[in-house]
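Morning, everyone. I have one structure for you today, and I will walk through it piece by piece. Please have it open on your screens.

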Amino acid sequence: MAKSIPKLKQIALLEKIAQLSKAGIHQRDIAMQLCKYGHGVEKEIGQSCLDALGFGRPFSHGLANWISLNAYQSLSSGEAVGEFVQGVQDAIEALNVDEASTGALFKVLIKPIVGLGAILGISALLSKYAYPSLLKQLPIHRWGGLSQFSYDFGLFWLNYGVVVIVLTIGLIGFVALTISKTVTIEKHSITCLSINNID
């Protein structure tokens, strides 16, 4: 079962592993150090790596459920060709790219979303407070087409805006969850494939 930890913690963990490996400490001893001196979940990760090594599997197999798919693939590729430290460095780089991409995407999307929300909110407020005053002065059938559309548009968001927002958030959450589960299944498949290759 996947227990992936936050990306910043993944980076910190892999940097610690890289530092120990560069110091000439063997993989089993790195796992033992994580078990003894690691903080919180690092102890579990250390035990997972020890278990993997105990079954004759690569060190990266013990990290498979704790790090992202890209990081795992980078690490296992380096380890498979005998370049463990380089594999760890590649995994760190993959995580840094993922983190930067996520942050950049959020920064790109947040302004349009906030802007659109403000426009829809203003149109709803106009339909509730401004247009009723106009209705008292001039019947709606005498309004221009654009004014009528603006009024109806604002009324729609006034009446159904909350429902639409909730459904949109739910849809985004569902898509994010689906993507997460797909990545987890892919990671599990890759892990099983690596085990079969070893066996």
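How far apart do the end C-alpha atoms of residues 113-131 lie, and how much of the span is helix? They lie 26 Å apart. The span is 100% helix and 0% strand. Keep in mind that this is a predicted model.

Where does that residue range come from? The UniProt record, an unreviewed entry, annotates "transmembrane region" for residues 113-131 and 157-179.

Now the whole chain. The secondary structure comes to seven helices and zero strands. From the N terminus on, the order reads α-α-α-α-α-α-α. The protein chain has 199 residues, and 30% of them count as buried. Take contacts between residues at least 6 apart in sequence: 56% of these join residues at least 24 apart.

Let me start at H1. Its 16 residues should span 22 Å at 1.5 Å a residue, and the end C-alpha atoms are 22 Å apart, so the two values agree. The buried residues in H1 are Gln-10, Ile-11, Leu-13, Leu-14, Ile-17, Ala-18, Leu-20 and Ser-21. After H1 comes Gly-24, with a positive phi near 90°.

On to H2. Which of its residues are buried? Ile-30, Ala-31, Leu-34 and Cys-35. They cover an arc of only 140° around the axis, so they sit on the same side of H2. Here is the background. An α-helix has 3.6 residues a turn, so residues three or four places apart point the same way. The cover over the buried residues of H2 includes H1, H3 and H4. The face turned away from that buried side carries two exposed residues, Lys-36 and Tyr-37.

Is Gln-27 buried or partly exposed? Its relative accessibility is 22%, so Gln-27 counts as partly exposed; the cut-off for buried is under 20%. Now set sequence against space. Gln-27 and Phe-59 are 32 residues apart in sequence, and their C-alpha atoms are 6.8 Å apart. Leave aside neighbours within four places in sequence, and Gln-27 is in contact with Leu-53, Phe-59, Glu-79 and Phe-84.

Next, H3, residues 41-54. This helix has 14 residues. From first C-alpha to last it reaches 20 Å, close to the 20 Å expected at 1.5 Å a residue. Its buried residues are Glu-42, Ile-45, Gly-46, Cys-49, Leu-50, Ala-52 and Leu-53. What covers them includes helix H1 (7-22), helix H2 (27-37) and helix H4 (59-63). Just after H3, Gly-56 takes a positive phi of about 80°.

Let me move to H6. Two residues there. First, Asn-96, which is found in helix H6. At 35% relative accessibility, Asn-96 counts as partly exposed. Asn-96 and Ala-71 are 25 residues apart along the chain, and 9.7 Å separates their C-alpha atoms.

Second, Ser-127, also found in helix H6. Ser-127 is buried, with a relative accessible area of 3%. Which residues does Ser-127 touch, not counting those up to four places away in sequence? Pro-132, Ser-150, Tyr-151, Gly-154 and Leu-155. Look at Tyr-151 in that list. Ser-127 and Tyr-151 are 24 residues apart in sequence, yet 5.5 Å apart in space, C-alpha to C-alpha.

The idea is simple. Rolling a probe the size of a water molecule over the atoms shows where empty space is left. The largest pocket has a volume of about 410 Å³. It is lined by 17 residues, and the closest to its centre are Gly-117, Leu-120, Trp-157, Gly-161 and Ile-165. Helix H6 (84-137) and helix H7 (145-198) each supply at least two residues of that lining. Which helix gives the largest share? H7 does, with 11 residues.

To close, a quick recap. The predicted chain comes to seven helices and zero strands. H6 and H7 both contribute to the lining of the largest pocket. Thanks. Over to you for discussion.

Methods:
Residues numbered from 1 in each chain as written. Predicted model: local features only at pLDDT ≥ 70, side-chain atom pairs only at ≥ 80, totals over all residues. Heavy atoms only, no water. UniProt positions renumbered as here; feature names shortened; annotations may be inferred. Helix = DSSP H or I, 4+ residues; strand = E, 2+ residues; numbered from the N terminus. Expected span 1.5 Å × (residues − 1). Buried < 20%, exposed > 50% of the residue type's maximum accessible area, 1.4 Å probe, protein only. Contact = heavy atoms within 4.5 Å. 1 Å grid on protein atoms, 1.4 Å probe; cavity = no way out; pocket = protein on both sides within 12 Å on 5 of 7 lines; lining within 4 Å. Points joined across faces, edges and corners; volume = space filled by probe spheres on them. Arc of directions from axis to C-beta.
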